[in-house]
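Please keep the sequence and the model in view while reading.

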Amino acid sequence: MIACSSCNNPPRSERGFSLIELAIAVFIMALLIGSILVPLQSQIESRKIDETQRMLDQARELLLGYAAANGYLPCPASTTSNGQELGNHTTGVCDATVTGTNAYVGFLPAVTLGYTPIDGSGYALDAWGLAQNRIRYAVTNVDIATSTPCPTAVTKPFTKANGMRTATMSCIQSLSTLLYVCNTGTGVSGTGCSAATAELSDNAIAVVWSLGSNAPNGGNAPHEDKNLDNNRVFVLAPYSRVSGSEFDDQLVWIGPPILFSRLLSSGALP
């Protein structure tokens, strides 16, 4: 008689995953993918922030080099100047399209400075790389009146040929009405920070800044909107993603000590 191998072992029923088990599996996979993507997005953002800072530092170096070679700072570029500055350095007057309140405000004149890389229109972009992310630039347009320790009245000394030489270093260092950089936008006005304790600088000569990753829809109060006011007050607040108080702008500035150091070393100042 032939033995039956399955007689004493009846077949077991095969079954697939239930809907509940599949749902649990999908949920676990989503958690795993999310745990990978969130750090990756943070790393990408961190790299872009670091790269943007490098770009701003590069722009500041080029501005200092330009000042050392010419004895004055360039005017900003406008929305239509294709990365070229717009101004008359005989008078120190920059073009009206880049004139703000108590400052000349526009875009970094990348072509004038020899900054690279630039986009197809001649503008420098930050690491976020969108058209809205053109690097911005402002320079003070203050006039200097004759007073102690300013021996001579000078109009637009920072964008005028021989303007800083005529004004003298001691005069410029005494000024506290140039560009302001505040550590908060709360309570600022068009002419200064909310208090002296909020001042990172009250005598910045030029400011270079990026609008950050939210440039297309940033500018929310009370911080980021101050960097779009076209006046002489700028904000460098702590990084924040809190709704209504977002801040991811990055900013560098040029003050009298570093500018004078370059001008002295180049012979542009006595």
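How many of the five residues of strand S9 (residues 250-254) are buried? Four of the five are buried, so described when their relative accessible area is under 20%, while exposed means over 50% and partly exposed lies in between (1.4 Å probe, protein chains only).

## Basis of the description

This is a predicted model, in which local features need pLDDT of at least 70 and side-chain atom pairs count only at pLDDT 80 or more, whereas totals for chains, interfaces and linings use all residues. Residues are numbered from 1 along each chain as its sequence is written, and side-chain values use heavy atoms, with hydrogens and water left out.

## Overall architecture

The protein chain contains five helices and nine strands, where helices (H or I, at least four residues) and strands (E, at least two) are DSSP runs numbered from the N terminus. Followed along the sequence, these elements give the pattern α-β-β-β-α-β-α-α-β-β-β-β-β-α. The radius of gyration, taken over C-alpha atoms, is 28 Å, well over the 18 Å that the globule rule (2.2 Å times the number of residues to the power 0.38) gives for 270 residues, so the chain is more spread out than a compact globule.

Along its principal axes, the C-alpha trace spans about 125 × 40 × 30 Å. Of the 270 residues, 43% count as buried. Among contacts (heavy atoms within 4.5 Å) with a separation of 6 or more, 65% are made by residues 24 or more positions apart.

## The four-stranded sheet

Strand S9 belongs to an open sheet of four strands in the order S3-S4-S7-S9, with antiparallel pairing; two strands pair if DSSP finds at least two bridges between them. Strand S3 (103-107) and S9 are at the edges with a single partner strand each, so one side of each has no neighbour in the sheet. From one strand to the next, the twist averages 15°, with axes as lines fitted to C-alpha atoms, for helices over the stretch in contact, and angles running from 0 to 180 degrees between N-to-C directions.

Five bridges connect S3 with S4 in the antiparallel sense, and Gly 106 has Tyr 137 in S4 as its bridge partner. Strand S7 (residues 206-210) is likewise joined to S9 by five bridges, running antiparallel, and Val 208 stands opposite Val 252 in S9.

## The three-stranded sheet

A further open sheet has three strands in the order S6-S5-S8, with mixed pairing. Its edge strands are S6 (199-204) and S8 (233-235), each of which pairs on one side only. The twist in this sheet averages 20° from one strand to the next. Strand S5 (residues 179-182) pairs with S8 in the parallel sense over three bridges, and Cys 182 has Val 235 in S8 as its bridge partner.

## Helix H5

In helix H5 (residues 256-266), the buried residues include Pro 256, Leu 259, Phe 260 and Leu 263. Seen down the helix axis, the buried residues of H5 fall within an arc of 95° (that of the directions from the axis to the C-beta atoms), so they line one face of the helix. Pro 257 and Ser 265, on the other side of H5, are exposed. Just after H5, Gly 267 takes a positive phi of about 85°.

## A loop residue

Ala 161 lies in the loop between strand S4 (136-140) and helix H3 (163-167), and is partly exposed, with a relative accessible area of 36%. Leaving aside residues up to four places away in sequence, Ala 161 touches Tyr 72 and His 89. The C-alpha atoms of Ala 161 and His 89 are separated by 5.6 Å, although the two residues are 72 residues apart along the chain.
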